[in-house]
Amino acid sequence: MTRPRKALLLGSGALKIGEAGEFDYSGSQAIKALKEEGLEVVLINPNIATIQTSEGMADRVYFLPVTPAFVEKVIARERPQALLLSFGGQTALNCGVALWKNGVLARYRLPVLGTPVEAIEKTEDRRLFNRALAEIGLKTPRGIAVRTVEAGLRAAASIGYPVMARAAYALGGKGSGIAGSPRELRDALRRAFTAAPQVLVEECLEGWKEIEYEVVRDRAGNCVAVCNMENFDPMGIHTGESIVVAPSQTLTDEESNRLRAVAIRAVGHLGVVGECNIQYALNPRDGDYRVIEVNARLSRSSALASKATGYPLAFVAAKLALGRILPELSNSITKVTSACFEPALDYLVVKIPRWDLKKFGRVSKKIGSEMKSVGEVMAVGRSFEEAVQKAARMLQVGVYGLVANENYSFRSLEKELRQPTDERLFGIAEALKKGFSVDRIHRLTRIDRWFLHKIKSVVDCEARLRACRPRPVPPGLLREAKEKGFSDKQIALLTCSTELRVRARRKEARLVPAVKQIDTLAAEYPARTNYLYATYHGREDDVPFRNGDGGPGKVMVLGSGSYSIGSSVEFDWCCVNAALALKKMGYGTIMVNYNPETVSTDYDICDRLYFDELSFERVLDIYEKERPLGVLLSMGGQIPNNIALRCHNAGVRVLGTPPASIDRAEDRYKFGKLLDEIGVDQPEWRELRSVAEAKRFARTIGYPVLIRPSYVLSGAAMSVVFGQGHLDRYLERASRVSPEYPVVISKFIMNAKEIELDAVADRGEVVASAIVEHVENAGVHSGDATMVLPPQKLYIETIRRVRGIGREIARALEITGPFNIQFIAKDNAIKVIECNLRASRSFPFVSKVARANFVELAVAAIMGRGGPNRKTTLDLNYVGVKAPQFSFSRLKGADPVSGVEMASTGEVACLGEDVHEAYLKAILATGFTLPKKTVLLTVGGEDAKGRFLGSARALAGLGYRIFATDKTSAFLKENGVPNTRLFKVHERRRPNIRDHIAGRKIDLVISIPNPAKRIEYNSAYKLRRLAVDFSVPILTNLQAADLFVQALAAKRPSDLQVKHWAEYE
Amino acid sequence: MLYCSEIRTEDGHIKRAILALADGTVLEGLGFGAAARAGGEVVFNTGTAGFPESLTDPSYHGQILCQTYPLVGNCGVDPGSLESERPRVAGYVVSEVCGHPSHATSRKSLGAWLEENGVPGIAGVDTRALTKRLRARGAVTGLLAVSDGPLGAARLRREARAVPDPNGRDLVAEVTTPEIRIYNPEARRTIVLIDCGVKMGIVRSLTRRGVAVVRVPAGTGADRVLAFSPRGVVVSNGPGDPERAAAPIAAVRRLLGEGLPLFGIGLGHQVLALAAGGRTYKLKSGHRGLSQPCLEEGTKRCRITAQNHGFAVDAASLPAGWAGWFRNANDGTNEGLRHKRRPVFGVQFQPEACPGPADTEFLFDLFLEAAR
């Protein structure tokens, strides 16, 4: 192999369910490894919020869709000598396999580094996989690959029910399910075939333990199992949906080494070079096993394993792909020992998935063989109790740990245990409290008794704490509680005390956590690692706490926590950039974060990494030990922002904007008063404490109104309400209104534009700002909006007003650092709807499109080293468009419509000569395909029908055959747009929608809901769902659909230019 | 003192425990296992599983073992997976011992099993901190005491200084089999196993490959060994300073002259080196764990091995005709040697695994191919 000079790396695109931030981590590490080996790196990734697409990483970055067509164009242009497929998830892998199959790689003589494509195929195609493993006598689940529903039913009959139906080539278990009867199987198969042409019907292993190994192998055949992990939830629940511990806890040495040996044999036989994940089912009764899956690429699990052990899997995998061998590489943690080793842990980690199912009213909360979670947390501890309680809090779902939670009530605990939802962990604790025995819970859940006993020990400790009331907790019990992961707040709640009183008491008893290193070798060799966690199972710190060493001091940066809807990789980008900027200025940096999918938790980003909670308690613990110059909490989104004032009151120096100002912006009353003072308008609003008051106020300001409850019963929290009847239903079903739980009602302005200002200020003076225009009208959450930079359709006057308001607010709040203001504009009247004194979701987008790093500018201002910059971004010669990525196909039952609650899981952004080019690229990058021949239209409401008419005409003019539902069809015909009516399913006539969508006769669905009628299940909802379930592209927003049609008319696919970032000047 | 409520008995009864080191360190914790006192050399092991297997490894004879990994005994004790009849450690130091083991093969909890066998244990210790101390200062002797009543920390601290180094004793003689045992006697080929404190994993690794194994006491002379007409001889692992194992060294020296295939494992490897004229020395803190990487000299292969040794062979001391075979990838110490022409070799690690990875099990095949 001649050594390549230039390598092409494929990224994974937007964050979506099943493919999230872990690929920013793996791609970034790969780039560092390749550059260390002297290669020029070209990266294709439309995810603009990633670190890997930042300056100083790859040599060239293409913000383009990771699709065969675009990648081929980049190959033709760049002529790389090597291709890397294993760092960009299933997206990159599938794209690479497609290019290999269609001969592009052969044509350009482009070799795939690392695991060869032939081996990848064996891991992806069930039949080849089973055959390959059978060749060396390894066991896989008995199963039969089928291509039709009938064949699937025959296969199940021979295997015996229940069976599992799994789609091949699908990320995160998409399209898989367990079927107990032929009827259920028929449905499951139909769904699975929409995701893949081949489905495996296999023996059901429910109740077996699920175990994973992460293995690296070099070309010389050296192979090590870096980490083994055990799922708390047994088989039947996707590993991405499972609580996971590492190392495994309930396996004997014989079992874990047998599975390890199988892993090494399998990986060697398949011919993997690089990193590989292997999943097993293990029968708890007799130790029998099945190999469930092999992923010959970096994965979610490998990111977890990497953070759990400190072994840089992605970095090493990239080196191995280049032909290096393991014994040549050194352990980058210890620097003195070899990379050819298996980490020994002296702690354990617990990962819990983060779900956001409450954001979707109609989505089942049950968890199973398909992935629904949007992020994860990892907690490190020296006991399971400690780690699991930490992890529960890290979820930031309003729990204080496993116990002492207020908001959990289970209708049927038995059902919760048998048919798990996202809340089962808390259900187990509740059941134990209610007297369920460990054995009974084991029978219902099949979770190993070991885990259940540990949870019971937390529940027992809770009871002992409660029994202390009203006397203070004795020191012995206090210590036990801390060792079992109880937070000060939890103890306070259980003993009628306050968090600060408990803190004071335990400090009196000299109960403070010890800071321990994650050093990969369990202290056997001295390590200079900066990778740390806090535990109460320790009596000495591993690291010294010195101040300065003559430098300017150190700064603590608070990370963004788990990815969830609304808080994603963009905040990690901000945190990493903040740390790097601080480092550049000579400051020491301390990062606190607990998300294993991030780059901020890579040990080479900061001087010290605390993989720990972002709670007030833990931040203060670390602060008191480290004594930094101050804490930077404006980069990690809302989680750190929320503790600003409390930290300040506890004596922590909060850097940047004064915490009192943060409070003034966050507190609705204070902020309203401030806007009044500076003469800035905002939509009328009021906080209301009874249903009658709410109705009265809504009538006064007039419908529609936006309603935000503080207590949510079901469904999305925020909603737009169009009339009295609607309000009644909403208040009755979705929320509670009382003096304790008020609702806020504000005027909702229809057909208004939404605009955002991202800016940085220095002691009240704006030093940089960018104005971003939303494509969708107000009413779509800013996280779901399509954003355009620079704005294309704003009045100059509007832009001037927006800037002016930004300046006034910055001054009034004495802002130093990042901030974001959201506006609505209608006919030049501008109102402020939100203001956040922290970095916003669009900071990476704005920074990269405008080529001005807003985070660096903010850090300079915060550290008192700012200068005037005043970057405006209106005179760019190109346009950036950011588009949301939705994961509706994963969320069965979710209505794919954007509203006031955010629903997207990620985003992409692309650059173009004009808005049309950039938008088309961006939407293609979210997995959209351009329609070839047919479009189905259904537009709700007279007003919207009229507004969309122009676009409908344009579609017809472009030669598309138009289908439409009853009223839309009639309206279009009246207005001279030829179309074919399709009947709704309930109309019982043909041709109907279902046949057309299921028969793949529709290339694009444009379904614009009537906002006033979007409450109940209706036929339009069913149509949209059908489109999602059959993977037909769908647009549901009027403005976005208009823009799409305009873009379609303006550009052909061949007009979409392939240019790298630096070429846009 | 750290707290660990897992070992609270049903009636809430708690045993106290103190570990006193010869350097003056005193660690307090909760007692489990037997209410007893034991002195020994305090060493650490970084494995994360296989605790009953480790505890029954006779190479731990005379040692108080600190388990760095904090959660111990989760799978309980399976009498079928022990490496010798009973626990061999003098005492056991852990962070947390599991009071509710959970596994289909578990017959009793680790604590109950240690109690039956008279081995004291201390829980609630910051094992990472202790490991760091042992790493920095080297192995030290210590005294572990578990009691239902008061312990007297000051007295134990004094007495700990007087605990003799067990490596001064002939530990091999204390753990070797008292009589000859024959496994798989019907097999065609016979291998003699010189038992210096053998792990049953070695016996199983041999019998599984279809040979008869004659396990002889460590004091057995070469003539007696040869009387079994073996096709090869294995010298087993065992405890302590190899230089004290005079009888096996003498026997091996004689056997080397007979041209028989020889395979030394662990202490057996050191015995082989000494018999060949090489030297051994004490490592600062030893290698005890399940993931030690070993490079095969002259190749690009690196193997993950299980290890338990406090002494090592000085590779530079080997006479002509011998070569280093494996080397520790972390600290470069010798992990194997072989004769350049004859089928005689030894490895410092444990190819039979149990506990640990079996990546080097092929060495038994290599040996038996030679011992045709």
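Strand β11 (residues 244–246) of chain A and strand β14 (residues 348–354) of chain A run antiparallel and are joined by three bridges. Within that pairing, A:Ala246 has A:Val349 of β14(A) as its bridge partner. The model is a predicted one.

**The seven-stranded sheet of chain A**

- Strands of a sheet pair through backbone hydrogen bonds, in either a parallel or an antiparallel way.
- In chain A, seven strands make an open sheet with antiparallel pairing, and their order is β13-β12-β9-β10-β11-β14-β15.
- The edges are β13 (289–295) and β15 (375–381) of chain A; each has a single partner strand, so one side of each has no neighbour in the sheet.
- From one strand to the next, the twist averages 25°.
- Helix α10 (residues 300–309) of chain A packs on the sheet and touches β9 (209–217), β10 (223–231), β11, β12 (274–282), β14 and β15 of chain A.
- The direction of α10(A) makes about 100° with that of β10(A).
- Helix α12 (residues 384–394) of chain A also packs on the sheet, where it touches β14 and β15 of chain A.
- The direction of α12(A) makes about 145° with that of β15(A).

- β14(A) and β15(A) run antiparallel and are joined by seven bridges.
- A:Arg354 has A:Gly375 of β15(A) as its bridge partner.
- Is β15(A) enclosed by the rest of the structure or left open? Seven of its seven residues are buried, so β15(A) is largely enclosed.
- In a regular strand, side chains alternate between the two faces of the sheet.
- Both faces of β15(A) are covered, with A:Gly375, A:Val377, A:Ala379 and A:Gly381 buried on one side and A:Glu376, A:Met378 and A:Val380 buried on the other.

**A hairpin in chain A**

- Strand β29 (residues 817–826) of chain A and strand β30 (residues 829–836) of chain A run antiparallel, joined by seven bridges.
- A:Ile821 has A:Cys835 of β30(A) as its bridge partner.
- Two residues lie between β29(A) and β30(A), which form a hairpin.
- A:Asp827, in the turn, has a positive phi of about 50°.

**Helix pairs in chain A**

- Two packed helices are described by the angle between their axes and by the distance between the axes.
- Helix α24 (residues 659–666) of chain A packs against helix α25 (residues 668–677) of chain A at an angle of about 90°, and their axes are 5 Å apart.
- α24(A) and α25(A) are therefore roughly perpendicular to each other.
- A:Asp663, A:Arg664 and A:Ala665 of α24(A) make this contact with A:Lys670, A:Phe671 and A:Leu674 of α25(A).
- By class, the residues of the contact of α24(A) with α25(A) are three nonpolar, no polar and three charged.
- The axes of helix α26 (residues 691–701) of chain A and helix α27 (residues 724–733) of chain A cross at roughly 150° and come within 11 Å.
- α26(A) and α27(A) are therefore roughly antiparallel to each other, and the crossing is right-handed.
- The contact is made by A:Val691, A:Ala694, A:Lys695 and A:Ala698 of α26(A) and by A:Gln724, A:Leu727 and A:Leu731 of α27(A).
- The residues of the contact of α26(A) with α27(A) comprise five nonpolar, one polar and one charged.

**The buried helix α31(A)**

- In helix α31 (residues 915–925) of chain A, 11 of the 11 residues are buried, so α31(A) is largely enclosed by the rest of the structure.
- A:Gly927, with a positive phi near 100°, follows α31(A).

**Where chain B meets chain A**

- How many residues of chain B are in contact with chain A? There are 46, and they touch 51 residues of chain A.
- On the chain B side, the elements that give two or more residues are α3 (127–137), β15 (279–296) and β16 (302–314) of chain B.
- α3(B) gives the most, with six residues.
- This side of chain B has 18 nonpolar, 18 polar and 10 charged residues.
- Buried residues of α3(B) include B:Thr127, B:Leu130 and B:Leu134.
- The cover over the buried residues of α3(B) includes β16 (514–517) of chain A, together with elements of chain B, among them β2 (26–33) and β3 (37–45).
- α3(B) is followed by B:Gly138, which has a positive phi near 85°.

How values were computed:
Residues are numbered from 1 along each chain as its sequence is written. Chains are lettered from A and ligands numbered from 1 in the order in which they are written. This is a predicted model: local features need pLDDT of at least 70, side-chain atom pairs count only at pLDDT 80 or more; totals for chains, interfaces and linings use all residues. Axes are lines fitted to C-alpha atoms, for helices over the stretch in contact, and angles run from 0 to 180 degrees between N-to-C directions. Helices (H or I, at least four residues) and strands (E, at least two) are DSSP runs, numbered from the N terminus. Angles under 35 degrees count as roughly parallel, over 145 as roughly antiparallel, 65 to 115 as roughly perpendicular and the rest as oblique. Two residues are in contact if their C-beta atoms, placed from the backbone, lie within 7 Å. Ala, Val, Leu, Ile, Met, Phe, Trp, Tyr, Cys and Pro count as nonpolar, Asp, Glu, Lys and Arg as charged, and the others, Gly among them, as polar. A residue is buried if 20 or more other C-beta atoms lie within 10 Å of its own, exposed if 12 or fewer, and partly exposed in between; C-beta atoms are placed from the backbone. Two strands pair if DSSP finds at least two bridges between them. A crossing is left-handed if the near helix is turned anticlockwise from the far one by less than a right angle, and right-handed if clockwise.
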